[in-house]
Structure formats: structure tokens, C-alpha cells
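Hi,

Here is the two-chain file I promised to pass on.

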Amino acid sequence: MRDFPSLKVLDRFQPLFRRFGVDYEVMRKILQVKFIMDRRRVPTVLSQSNNETKKEMKEKNHFLSSLWVYVLFGLFLIPFIIMGDNFLFQMSLVYGLIMFFLMTAMISDFSTVLLDIRDNNILYPKPIERKTISAAKFVHIVIYLSLLTAALAGPGLIVGLLRHGIVFFLVGLLNLILIELLVIALTALIYMLILKFFDGEKLKDIINYVQIGLTLTIMIGYQILIRSFEIVDLFVQLEPAWWQIFVFPIWYGVMTELAINGGANSFLFLLAGLGIIVPLLAIWSYVKLTPTFERNLQKLAHHGKARKEKRSKIRDSLLKFISPASEERAFYRFAGIMFRNEREFKLRVYPSLGFSVLFPIIFLFTNMDGYSWEAILDAGKGKAYLNIYFSFIMIPGIISSLQYSGKYKGAWIYKAAPITSLKPVFSGTMKAFIVNLYLPVYGLLAVIFLALGGVRIIPDLILIFINAILCSLICFVILEKAVPFSRPIGTYKQGSAITIFMLMFLIGLFVAVHFASTFIPYGVYIYLAVSVLAVMIMWRKIFNVSWDKVQ
Amino acid sequence: MKDIVVEIEDLRKSFGSKKVLQGVSFKVHRGEIIGYIGPNGAGKSTTVKIMLGIEGNYEGTVKIFGRDISSGDVEYKRKIGYVPEVADVYDSLTGQEYLTFIGELYGLSYDLADYKAKRMMELFGIGEVYRSRIASYSKGMRQKLVIISSLIHNPELLFFDEPISGLDANSVMVFKEIMARLAKDGKTIFYSSHIMEVVEKISSRIILLHNGTIAADGTFSELQMHNKEGSLEEIFNQLTGFNEHADIAEQFVTIVGEE
């Protein structure tokens, strides 16, 4: 078996582990195996851009190759570090961002490590002390989080060394170690708390939403970061205030401030003291509570409580209205449940949905002059509602995502069941997409733009919704077809660049025609009629796909 | 009494308010094959998990190889092999990586573990996937791998929980023969299964657990004597007080036919 450089570094700390009664040899072996397994896993940050098919997936540490993303984020931190000597403000901001990234990465990518219950079943029956198993788990996380911290904070730290000198560098290093400990202990303690009150399924849901949030944050991060440079010019004077006791990053900003600029404010000393004591205390309680944690972890294996059956007359009749044919209704309902419950699907699609909501709003703000309420209202006037079309950009991606599932093997049921025609399968799933996924996005945007633009834009809003359906149908026709939820997520392809370009062009066309139609009397209504007709005709035709046409 | 391998006395365990084990006591001698049976939820897996140190917080004493396992010394596990009912495996590893890792955890050298694992895989007819990822294995291959991982360190005491699930008839024959020979060599085997025919044939002694207590303990012929004549399956039904199978089946089939 191959050896890893990080393990060689770890070897230097051998006596330390032995002192704590850890069987170092065994721990090293467990870690070695864990690293091998990690090389075969894809972290969240990369999963969005992962276009490799399974066969091509080479064995490399995806975690390590995802570090450059963090280096990139680290570069964005540099301006905050070099801009002045107001360390209290600057560094609080920097440490805040670092903590945010560490915390989210910890939850999204290291949860699997922290919550791995296979360990219990595989390792507990072996002649290994629990202490050694827990130590392996802890060291595993520390090694990765250290690499991540180095990637994230490394550039800033080096620039800081040149700009502010050696003291800054050393304090920074100490702070990062403390922050890392705090993040690990805090995450574990939060999990302990959740596991105490909820079952494992709830925890997995919470983790899933954090992952979705992280992906979304990274997607819009570029937008925000670029804008944030404008805010940077504002010189914020951070005055000591009692609430700062509860804001972890400020502790470390204070530490930097005290170390470099000095000061004799006893309140600041209190904050700095907290910054040192709290992480140590957190780690201490983590170590103490680990046995309890491991015991509660067993809950993950137990099945969640049965959900309450949500069924009402209104719901049923709405369902019948949306989908009158019973066979189609079955697939509509099934797709809806998959959208809600399948975590891997959610991880892939929900960030796009979030983006669909934010994109039109970001563009609305981009067209504003200044940052005032009047400016927002001004921007919302005229044809601002056309911004909603930006939410279409995500439609092709989501439509093609409908074919994928983490549990794609369950798709044998399509072949086993007597499904004579695939029409209800596709039309039911498409309806579920429109109603359960697109409609909430559209609804939110429609309300916002209606509030800004007034009732006069109602016909336009309806037209946009019909066009969204039309766009989805066209995407369905153009994109490769496969039975819903039948392909493994690893083989995900965004489609060829040409297809995507064509679809982007199509969206542009929708906007252009809509824009043009507003200059013709009743133009919007004519366009609306044409779109409705097109949807009706397409809906009849396109779902008649034969079995041999699907993959 | 060097021959006593396992000694359990008044073992009790509850999960919350649910009492899973309510005073279980038995002794197991070297070379015995214990058919450890009982209805779902009777507490079989829990007993085994306690003996393996996966579950803690129990009352009563559990001695294995003459030592109380609650002392915290894990050395006794070196001589135990375990095939769980649902076997978690690090399946992104290859068979070779996994088995050598497990071997090393039990203190074997890498080369010895590698050699033994490879030979055993070959004998089980799955030598060609030794260097493939476990994730790509079929159910039977996986089960064979788990069996090998339980035996690679030459244990004295074995816990098999549904070990033959997923194996084809030929492999089952090989495995039964392996068990018989292991017992002859003085290994002790705990065999849990729901397939009564197999338990009946291979066990030298049967322990039946019901509602957290021992409902029967003895050789198959002893069990037959105490109860009305019949197969182990019938004895099982009788001892667990289950006699409405015909009624349930009838109702079930009626529902199947409902339009």
C-alpha cells in the first residue's frame, strides 16, 4: 500500500500520541486506509464542475485538487489584509470569512468522516482500543482541515508577513490553529446536540441543506466579492461593544490588534483571552464527550420516525386538476417526492434554483444608480420584469438533471413494471418540475417584480411563465433523453457546449421577442396566444418517446 | 474449566425503555457449534454485539476466554472472527486493500495477510476480483469477502450471522464443510440464522432466544424430546408460541386478490 506524505509528517508526533495511550501503529494504518478511500471520493466544491465520466475518473485525491478553489478564495482575502492598520476591523472580517469557509467545508465534506458509522461496525470488533479509533478520526479531520486552512489563509499570511511583519505572521498562525480547533469542536458539539434531540435522518437533512447553501454561496460568491470592494473603501471604525463577546472572529481580530498596535483596554484583553480559552475548552469537552457522541451516532443507523401523512381534500383535488390521468399522476407524485427527499438530487439542483432566484435580482441591482430605496423602485420600473428571464438559464441544467439520481439502480422498476408508453413518465415528471421546482422560483420573482412594477405587468408575467414551460419543453426535445432518475450522478454531463449555446440563444430569443412585442399594440397578448398554442401542441407530441430512444 | 470459551451470566440490556435482554445465561465449550436462533427482535444480534464490544452499557457478566470483557482490555478480540448480518465494508477499497488492512489490524504482517487473503479468495472462486473495488462485487462475492475477513487471523471463536445469505448452493456446501472442519480443529462457532434446516443440520447445540430470555437450550434431539416431535422449524414455532401462520397467510392472500 502506498504511503502518504502527511503520514510521514505525523510520524514526528508519534511520542505525543503514545503518551495519550494511542496505539500509533494501528492509528497510522487506519489513516492510511482512510486516505486511500478519500482519493476515491469527490468533495462538494468540485462536484458541480465534475464532468468526468466514471471510467475516466482517475484515482487522485479530489480533495487536494479542490484546494485551488480555496487558494482562489484566499487571494480575495489579501486586499482586506493589506489595506490598512485597522486590524480590529480588517482582521475580524478576514477571520470571519475564514471561519465561514472552514465551518461550511467541515460540515459538507468532513461530516462523512465525523459521522461514519461503518467505523463502529468494522473496527469495534477488532482488537483496537476505542481511544485509538477516536484519535484516528480526529487526526484525519485535523490533517485535511489544516491543508484547507493553509490553502485558504496561506496567501494572506505570506502577504501579511511582507506588509505587517513577523509578529503579524506569528499571531496569524496561532489564531488559525485556534480557529481550526474551535471549528472542529464546534461542529462536533453541534452534531452531538442535534443527535441528542433528533434522529439521524434530521441530521442528514441539515447537513444536506448546509451543503446546498455552500454550493450556492460559492456560485454567487464571485458576484458578491467583486461588489464588496466598493464597501471596502468605507472605513469602518469598530468600537468595542458588549455583543462582540459572542462574535468569534472578532476575538482574533482583537488579538492581532493587541499584538501589533498594542493597547491597554481591559475589554479587549477579555476578548483575546476568550479567543484562546474557548477553543481549548471546546476541544477538551469534545474529547470528554466523544464516547457519548459515538453512542448517539448509532442513531444514524436507526430509521427516522415515520412522517405524518400529509393528505387533504384540497391537495388531492389540486393533484387531480394538475394531472388528471392516473398513470401520469403516479409519476408526478413520485417525481415530486424525489425532488423533496433525495439528498444528492437536491445537492445538484437546489443551488441552481437559488441561483435562478438571485440572478434576476442581482441584475436588477446592477442596473441601479446608487443604493437607495428610490433607486430600487426606479430600477423596477419600465421593463425590469424582463430580468425574470435570467431565471431560465438554469432550466436546461435542471431538465437534464432529472435523469440522474444517487439511487439510480432503483430504475429497474421502470423495466419491470408494465409501462406500455413512456408518455406519462415524461409528462408527469415535467409537470412535477414545473409545479414543484420552477413555480416557487417564478412565484417569488413575480411577487418581487409585481411589487416594483405594478399590476400593469401581469400579462407580461403570465407570458414569462408560459415561456418558461415552452423553454422547458424545448430543452426536453433537444437534450438527450433518459428515464427520470435512472443514471448515476457521477456520469453527469452538462451537455455539449453547442447544445448549451443553442439553448442560451433560445432564451435570448424569448427575451427579444417579448421586448419587441411590447411596442406593438396587443403584442404581448398575441405572443401569449402563440406561446400557449405552442405549449399545447408540443405537450401532445414530444413525450411520445419509444423505449429504444431513451438511454 | 479451561474448555469454557464463553460464559454469560444474567445478561440484561435495554434501549431506552425497551428491554431487549432480560437475564440471559449460558456457557459455551470449545469446539461447539451453537445454533443461535430466535424471532426477529429477540435479542440475538444484541448479545453478539455485546460480546464483541460494539454495544456497551449492559448488566450482568460476560466472560470470554475466561476474562470479563468489561475490563476494557480489547486483547480478547484478537481471537474472535465476526460476520455481521448486514456487513458494512469500506467498499471503495479493493479486496486486497481491505483484507490486508483487516489482517494487519489483527496483528498479521502485510505479506502473510496478503498471501492468505489471496489464496482464500481463489479457493472461493473469486480470485479474479482480488484487485477490484469491493463496490463492484456481486452480493455473493461480498459475502465471501466478509467471511474471509472473519477468518484471516485464525480466530478461536467465530460469530456468524446469516453467513450464507447470497451464496450459491455450491458455495454453501463448501462453507458448511469449512465450519465442520473448523469445529473439529477446536474452534467455537456461534451460528445465527433464520434458515432452520441449516441450523438443524450443522449445530451441535441450539440456543433459542425469545423475548430476551432463553426459551430452549440443548442438542437438537434434546429439543425434540422436550417438545413434540418435528423439525426445528416446528419446534421454533411452538416455542415462540406462534401458530396463526395459516390464518395470517389466508388474510394476506385475500388482500392480494382485492380489486
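Before the interface, one term: a polar contact here is a pair of N or O atoms within 3.5 Å, where within protein one must be able to donate a hydrogen and the other to accept it, and residues adjacent in sequence count only if both atoms are side-chain atoms. Please also keep in mind that this is a predicted model.

**Where the chains meet**

With that term in hand, the rule finds two residue pairs in polar contact across the interface of chain A and chain B, both at pLDDT 80 or more. Salt bridges across the interface of chain A and chain B come to zero. In terms of contacts, 25 residues of chain A touch 26 residues of chain B. The size of an interface is often given as the accessible area lost when the parts come together. For this pair, chain A and chain B bury about 2,500 Å² between them, and 61% of that lies on carbon and sulfur atoms. On the side of chain A that touches chain B, α3 (24-38) and α8 (118-123) of chain A each supply at least two residues. Helix α3(A) gives the largest share of that side, seven residues.

**Chain A**

The secondary structure of chain A comes to 23 helices and two strands. Chain A has 551 residues, and buried ones make up 52% of them. Looking at contacts in chain A between residues at least 6 apart in sequence, 81% join residues at least 24 apart.

Is K137(A) buried or exposed? It has a relative accessible area of 6%, and the cut-off for buried is under 20%, so K137(A) counts as buried. Leaving aside neighbours within four places in sequence, K137(A) is in contact with V113(A), L114(A), D116(A), D119(A), E294(A) and L297(A). As for D116(A), its C-alpha atom is 9.3 Å from that of K137(A), and the two residues are 21 apart along the chain.

Which strands pair with β8(B)? One is strand β3 (residues 33-37) of chain B, which pairs with β8(B) in the parallel sense over four bridges. Another is strand β7 (residues 157-161) of chain B, which runs parallel to β8(B) and is joined to it by five bridges. F190(B) takes part in both pairings: it is the bridge partner of I34(B) and also of F159(B). From β7(B), the chain crosses through helix α5 (residues 169-184) of chain B to β8(B), and this β-α-β crossover is right-handed.

**Salt bridges**

Side chains of opposite charge can pair when their charged atoms come close. Over all chains, the rule counts 14 salt bridges. Here are some from chain B:

- R12(B) pairs with D10(B), with the closest N and O atoms 3.3 Å apart. R12(B) is partly exposed at 35% relative accessible area, and D10(B) is partly exposed at 37%.
- D91(B) pairs with R142(B), with the closest N and O atoms 3.6 Å apart. This pair links distant parts of the chain, 51 residues apart: D91(B) is in the loop between β6 (80-83) and α2 (95-105) of chain B, and R142(B) is in helix α4 (residues 139-151) of chain B. Both ends are partly exposed, D91(B) at 25% and R142(B) at 24%.
- D217(B) meets R205(B) at 2.9 Å, N to O. The residues are twelve apart, with D217(B) in strand β10 (residues 213-218) and R205(B) in strand β9 (residues 205-210) of chain B. D217(B) is partly exposed at 37% relative accessibility, whereas R205(B) counts as buried at 11%.
- R30(B), E156(B) and K187(B) are joined into one network by salt bridges that share partners.

Cheers

Note on methods:
Residues numbered from 1 in each chain as written. Chains lettered and ligands numbered in written order. Predicted model: local features only at pLDDT ≥ 70, side-chain atom pairs only at ≥ 80, totals over all residues. Heavy atoms only, no water. Pairing = 2+ DSSP bridges. Right-handed = clockwise from strand over helix to strand, strands pointing away. Buried < 20%, exposed > 50% of the residue type's maximum accessible area, 1.4 Å probe, protein only. Contact = heavy atoms within 4.5 Å. Buried area = accessible area lost by both parts, 1.4 Å probe. Salt bridge = Lys/Arg side-chain N within 4 Å of Asp/Glu carboxyl O.
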